[in-house]
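Subject: Model for your records

Hello,

Here is the structure I said I would send. My notes on it follow below the files.

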Amino acid sequence: MSEPVKVCVTGAAGQIAYSLLYSIAKGDVFGPNTPITLTLLDILPMEQVLGGVVMELMDCAFPLLKKVIPTCDEKVAFTDIDAAFLVGAMPRREGMERKDLLGANVKIFESQGKALDQYAKKTVKVVVVGNPANTNALICSKYAPSIPKENFSCLTRLDQNRAQAQIASRLGIANSDVSKVIIWGNHSSTQFPDVRHAVALVNGKKVPVPEAVKDDSYLKNEFLKTVQTRGAAVIKARKLSSAMSAAKATADHMRDWWFGTEGDNWVSMGVFSTGAYGVPEGVMYSFPVRIKNKQWTIVEGLEINDFAREKMDLTAKELIEEKTMADEVCKA
Ligand code: NAD
Ligand code: LMR
């Protein structure tokens, strides 16, 4: 057994954390041989609920879970941590866009960025889940200047998983037989789910997804819209935002960051843009990445046609607008 990994989950009394904590404590993220110490951050009004979550974690008798520290203090939550799952934030309700949450949520990420800067390991890996995830991650990184920008990311893996599942269902194949789906841009309704480079395993043969689907209009319209608006559809049906699937995607994201991607496969992550594919610098944009030794690199050289360019620019424009709004909220 190795040394315990110190992990923090914020919003630990909430819906997503309820599924995520189970996955982490069971070993789905850091592996079956890695002991875990958990700090659970939430706000004071949720202290009692958090206590209940701690009781349940104890009652699971997980072999890997060495210690659980519930807290409402960012210093306690972030001191010496190796990984941070920043889930704690208000979810949207029916009829809202995710960016409508900026005013309520961005200050949380300013405060947590400052606390990570002061107390976390400089190698900490941070995934922001709380919406609007891209811009919250950007703000968090901005206020943690002593931690490399590459250590901050936001979740778009849920969108990737949704896109993969839609294609698998359309083709009548297993989810695991669809790979290399890309999510470009913002975790919002402007995101561009792109399957032009994706591969499907059909009757034992690897086929480009557009060739397997044989319906360009479906891929450019219905498929796109379904993935872009899936979060809203879940809210409409559940009266609550996605939680089980969000937790699964968050676990997938950190597991791949920790252990790397396999072969020539890639995954999508919201990461700091330094201008790849003509995306403006200084926004947190979802790109296809490969990961090795806990470092991600953007997959280069993929062909971008006019349709893709237009979609990629539109979602970048929204991220620039969100950045301006977030900076104003932080200044106020
Ligand atoms: P929830 O309301 O069930 O839980 C949120 C928890 O965060 C609550 O317990 C709340 O008290 C806590 N919290 C609020 N402020 C906090 C702070 N400053 N520090 C620590 N904890 C704090 O919501 P949920 O369903 O778990 O969703 C959480 C967030 O994740 C929402 O913003 C939601 O929109 C977002 N989300 C993102 C994705 C994605 O793919 N990126 C997917 C699903 C949900
Ligand atoms: C999702 O994609 O399900 C989440 O971001 C929740 C939401 O507000 O859509």
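Of the 28 residues around ligand 1, those that come nearest are G11, G14, Q15, G88 and A246; a residue is near a molecule if its C-beta atom, placed from the backbone, lies within 6 Å of it. The shell around ligand 1 is made up of 16 nonpolar, ten polar and two charged residues. Here Ala, Val, Leu, Ile, Met, Phe, Trp, Tyr, Cys and Pro count as nonpolar, Asp, Glu, Lys and Arg as charged, and the others, Gly among them, as polar.

This is a predicted model, in which local features need pLDDT of at least 70 and side-chain atom pairs count only at pLDDT 80 or more, while totals for chains, interfaces and linings use all residues. Residues are numbered from 1 along each chain as its sequence is written, and chains are lettered from A and ligands numbered from 1 in the order in which they are written.

The shell around ligand 2 includes P91, R92, R98, N131 and A246. Helix α10 (residues 230-238) gives the most to this shell, with four residues; helices (H or I, at least four residues) and strands (E, at least two) are DSSP runs, numbered from the N terminus. By type, the ligand 2 shell has six nonpolar, four polar and two charged residues.

The unreviewed UniProt entry carries the annotation "binding site" for D42, N105, V129, G130 and N131. Such annotations may be inferred rather than shown by experiment, and the positions are given in the numbering used here. V129 is found in the loop between β5 (125-128) and α5 (133-142), and G130 is placed in the loop between β5 and α5. V129 counts as buried because it has 28 C-beta neighbours inside 10 Å; the cut-offs are 20 or more for buried, 12 or fewer for exposed, and partly exposed in between. G130 is buried, with 28 other C-beta atoms within 10 Å.

Leaving aside residues up to four places away in sequence, V129 touches I16, F85, L86, V87, L155, A246 and T250, where contact means C-beta atoms within 7 Å. On that basis the contacts of G130 include G11, G88 and N105.

V129 is also among the residues with the most contacts inside the largest nonpolar core, which has 93 residues. Such a core is a set of buried Ala, Val, Leu, Ile, Met, Phe, Trp, Tyr and Cys residues joined through C-beta atoms within 7 Å.

Regards

Terms used
Contact = placed C-beta atoms within 7 Å.
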